[in-house]
Amino acid sequence: MTPTRRDFLRIAGASAVGLLLPPWARMANSAQTAGMAPISVPAKALTARRWAMVVDAAKCRPGCRDCVDACHLVHNVPDFKNLKDDIHWISLEKAGHLFPTEIHLRQPEAIRTLPLPVLCNHCENPPCVRVCPTKATFQRADGIVMMDYHRCIGCRFCMAACPYGSRSMNYRDPRPFIGKLNPDFPTRTRGVVEKCNFCEERLAQGLLPACVTACKEKALIFGDLEEKGSDLRHTLEGGFSIRRRSELGTGPQVYYRL
Amino acid sequence: MKLYDRWKILTGIVIFLIAVTFPIWYGKAKSVPPPDLKLDTPAIQALKEKLCVEQAPTMRANHMRLLISWRESVVRDGNRTYRASDGKVYTISLAGTCLECHSNKAEFCDRCHDYAGAKPNCWNCHIMPEEVRR
């Protein structure tokens, strides 16, 4: 992430003020913020400077739903069995619908209709975060666009702002519609919006996202975009990849290798 | 001064006062015994020192504040460990840490919440692992 001009000026201004302060005042400032326990990450947790994902479309097997099923099972995603109330963290969409300007009618049908996984793009510049009035949706330092369901008031501004349709609203109580409850992850309640969290809770335990682990074809590659020589970088550098509607300036972090 | 319809007005005032003060005197006569909280879950029995994350009086008075600071810490900061005042380090997790010991929500959480008239909305989303395993 490159800092914007505004960020740069803000940091420069803050540093200048900090330098003018006498040393004891600086100490007092840091002591104030240290009231909360310091952030400590368990040793086994996976960390990154910028999490990202590559979908290697060539490996994606038509008819396979392993990634969707695994994700929805792990995160207690309900199945209302009707499209109007549908809730999805990850779903399958035809390549032609994902990339309407890139894919044209003269391309082979197998490519046009290939179902590809779509999930939250964990944008560099996420419009959902900008519009959220309660800061329920926020961006972590490692790029994950997270939701704090405790704060969500269900206004659905984020759903209007997201150009990818990655967010779903719980119009009804989801509990009765969850096939098999996973006790390790909370459900949601009526009136909150939900979406993919890049398996933030699994990363903290040192596990890769559920969809990545579930994919037998290894079509989903997850890793640190800033880490040279990572699998993810290797895949991206090995060929041509595109992102969904990157012309909007959102900086999506799910890459598709077609 | 002449009060027209004196009896109607006075009866009305008396009925009104009774209705308004109803919540104050109703329940005065009743004595509700304090809740009998069960702490004999298998996980607690297995503990050598039967101690919660913090001292029992602190937990009794401040568990809600602790839980909220835990929630903020995990969700907002990604910090999943808690250093207690005695120096022990705990994993922050409602289902994993709190409810592993207090696996009897009905006899522990609910009894006291019902007594105190507290209606926490934790359970709208969070699951009792014990109820799912059953």
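Two residues are in contact if their C-beta atoms, placed from the backbone, lie within 7 Å. In chain A, among contacts between residues at least 6 apart in sequence, 64% join residues at least 24 apart. Everything described here belongs to a predicted model, which scores ipTM 0.78 and pTM 0.79.

Let us stay with chain B for a while. Chain B holds six helices and two strands, and along its sequence these elements follow the pattern α-α-α-β-β-α-α-α. The radius of gyration of chain B is 24 Å, well over the 14 Å that the globule rule gives for 134 residues, and therefore chain B is more spread out than a compact globule. Its C-alpha atoms fill a box of roughly 75 × 35 × 30 Å, taken along the principal axes, and of its 134 residues 8% count as buried. As for the confidence of the prediction, the mean pLDDT of chain B is 89, and 99% of its residues reach 70 or more. Where pLDDT is low, the predicted coordinates should not be read in detail.

Thr97(B) sits in helix α4 of chain B, which covers residues 94-101. Is Thr97(B) buried or partly exposed? Because it has 16 C-beta neighbours inside 10 Å, Thr97(B) counts as partly exposed, since a residue is called buried if 20 or more other C-beta atoms lie within 10 Å of its own, and exposed if 12 or fewer do. If its neighbours within four places in sequence are left aside, Thr97(B) is in contact with Tyr90(B), Thr91(B) and Ile92(B). Between Thr97(B) and Gln45(B), which are 52 residues apart along the chain, the C-alpha atoms are separated by 15 Å.

We now turn to chain A, which has ten helices and ten strands. Its C-alpha atoms fill a box of roughly 70 × 45 × 35 Å along the principal axes, and 32% of its 258 residues count as buried.

Four strands of chain A form an open sheet in the order β8-β1-β10-β9, and the pairing in this sheet is mixed. At the edges are β8 (220-224) and β9 (241-243) of chain A, each of which pairs on one side only. On average, and with direction ignored, neighbouring strands of this sheet are turned by 30 degrees against each other.

With β10 of chain A, residues 254-257, it pairs in the parallel sense over four bridges, whereas β1(A) and β8(A) pair in the antiparallel sense over five bridges.

How many of the six residues of β1(A) are buried? Six of its six residues are, and the strand is thus described as mostly covered. In a regular strand the side chains alternate between the two faces of the sheet. In β1(A) both faces are covered, with Trp51(A), Met53(A) and Val55(A) buried on one side and Ala52(A), Val54(A) and Asp56(A) buried on the other.

Two loop residues of chain A deserve a look at their backbone angles. Most residues other than glycine have a negative phi. Asn76(A), however, has a positive phi of about 55 degrees although it is not a glycine, and it lies in the loop between α3 (66-74) and β2 (90-94) of chain A. Because Asn76(A) has 22 C-beta neighbours inside 10 Å, it counts as buried. Phe198(A) also has a positive phi of about 55 degrees without being a glycine, and its place is the loop between β7 (193-194) and α8 (200-203) of chain A. With 25 C-beta neighbours inside 10 Å, Phe198(A) counts as buried.

Finally, we come to the place where the two chains touch. Here 16 residues of chain A are in contact with 18 residues of chain B. Sorted by class, the side of chain A that touches chain B has eight nonpolar, four polar and four charged residues.

How values were computed: Residues numbered from 1 in each chain as written. Chains lettered and ligands numbered in written order. Predicted model: local features only at pLDDT ≥ 70, side-chain atom pairs only at ≥ 80, totals over all residues. Nonpolar A, V, L, I, M, F, W, Y, C, P; charged D, E, K, R; others polar. Pairing = 2+ DSSP bridges. Axes fitted to C-alpha atoms, helices over the stretch in contact; angles between N-to-C directions. Rg over C-alpha atoms; globule rule 2.2 N^0.38 Å. pLDDT = per-residue confidence, 0-100.
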